[in-house]
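Trainee: I am new to this structure. Please show it, and then we can go through it by question and answer.

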Amino acid sequence: MRRLAALLALVAMPAAASAQAPCLTASDAEAIALVAMPDIIRETGRVCTALPPASLVRRPNSAFLARYEAAADSAWPAARAAIVKLSDPAVDMLLQSDYARPLLTSIFAPQIVGHVQPGDCPTIDRLVTLLEPLPARNTAGIIVATLQYLKARKVRGKQVAAVPDLPVCPTVSQ
């Protein structure tokens with residue numbers, strides 16, 4: 001239990017101050033998104049109980065969710081490396097525990113889904129239905145690209161709703 005508490009403390013701490021804060025590549029961020037997506041989908045289903053039971057986010061044992069779980073399993077090594085990049089190399093050993101990944105996703109998913117209001121659920125249902133045919137990696141790419149876009153707008157002083165502050169490296173404008 002102490003090791004897990006230390007893991008949470010290390011992951012939550014900002015990286016040591018340096019001339020330039022570390023950031024994630026789009027690929028790093030996509031790996032983290034992929035790992036979190038099954039729990040985010042499940043948590044969304046718990047929040048959006050007014051949706052029909054046939055809704056993709058309301059079906060806990062579906063082929064749709066199984067695809068995201070398989071993608072999350074494949075993405076975990078890259079996501080773990082990305083988390084280490086943002087924290088401390090010592091955290092890598094803690095992240096190799098079988099308990100680290102479920103613990104992290106069980107903390108982050110409710111924080112993300114906590115911004116969902118019941119009135120958002122029909123839109124979320126439509127988006128998930130539209131994204132369902134895509135490979136999970138494509139969906140993660142769309143999420144990360146959207147976050148990068150919203151973050152850039154916010155930096156330019158535009159009004160943007162709550163955007164998770166995933167430290168994705170800025171994209172190069174051409």
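Mentor: Glu-30 is found in helix α2, which covers residues 26-47. Helices (H or I, at least four residues) and strands (E, at least two) are DSSP runs, numbered from the N terminus. This is a predicted model, in which local features need pLDDT of at least 70 and side-chain atom pairs count only at pLDDT 80 or more, while totals for chains, interfaces and linings use all residues. Residues are numbered from 1 along each chain as its sequence is written, and side-chain values use heavy atoms, with hydrogens and water left out.

Trainee: Is Glu-30 buried or exposed?

Mentor: Buried means under 20% relative accessible area, exposed over 50%, and partly exposed in between (1.4 Å probe, protein chains only). Glu-30 has a relative accessible area of 17%, so Glu-30 is buried.

Trainee: Which residues is Glu-30 in contact with, leaving aside its neighbours within four places in sequence?

Mentor: Contact means heavy atoms within 4.5 Å. With neighbours within four places in sequence left aside, the contacts of Glu-30 are Arg-137, Ala-140, Gly-141 and Val-144.

Trainee: At what angle do α2 and α7 pack?

Mentor: Axes are lines fitted to C-alpha atoms, for helices over the stretch in contact, and angles run from 0 to 180 degrees between N-to-C directions. The axes of α2 and α7 are 8 Å apart, and the angle is about 120°.

Trainee: How do the residues of the contact of α2 with α7 divide?

Mentor: On the α2 side the residues include Glu-30, Leu-34 and Met-37, and on the α7 side they include Arg-137, Ile-143 and Gln-148. Ala, Val, Leu, Ile, Met, Phe, Trp, Tyr, Cys and Pro count as nonpolar, Asp, Glu, Lys and Arg as charged, and the others, Gly among them, as polar. The contact of α2 with α7 then divides into nine nonpolar, three polar and two charged residues.

Trainee: Which residue meets Glu-30 in a salt bridge?

Mentor: A salt bridge is a side-chain nitrogen of Lys or Arg within 4 Å of a carboxyl oxygen of Asp or Glu. By this rule the count comes to eight salt bridges. In one of them, at 3.9 Å from N to O, the side chain of Glu-30 meets that of Arg-137.

Trainee: Which residues are linked with Arg-42 in a network of salt bridges?

Mentor: Arg-42 forms a salt bridge with Glu-69, the closest N and O atoms being 2.0 Å apart. Arg-42 lies in helix α2 and Glu-69 in helix α3, so the pair ties together parts that are 27 residues apart in sequence. The network links Arg-42 with Asp-39 and Glu-69.

Trainee: How far apart are the C-alpha atoms of Val-116 and Cys-48?

Mentor: Val-116 lies in the loop between α5 and α6. Val-116 counts as buried because its relative accessibility is 17%. Along the chain, Val-116 and Cys-48 are 68 residues apart, and their C-alpha atoms are separated by 8.6 Å.
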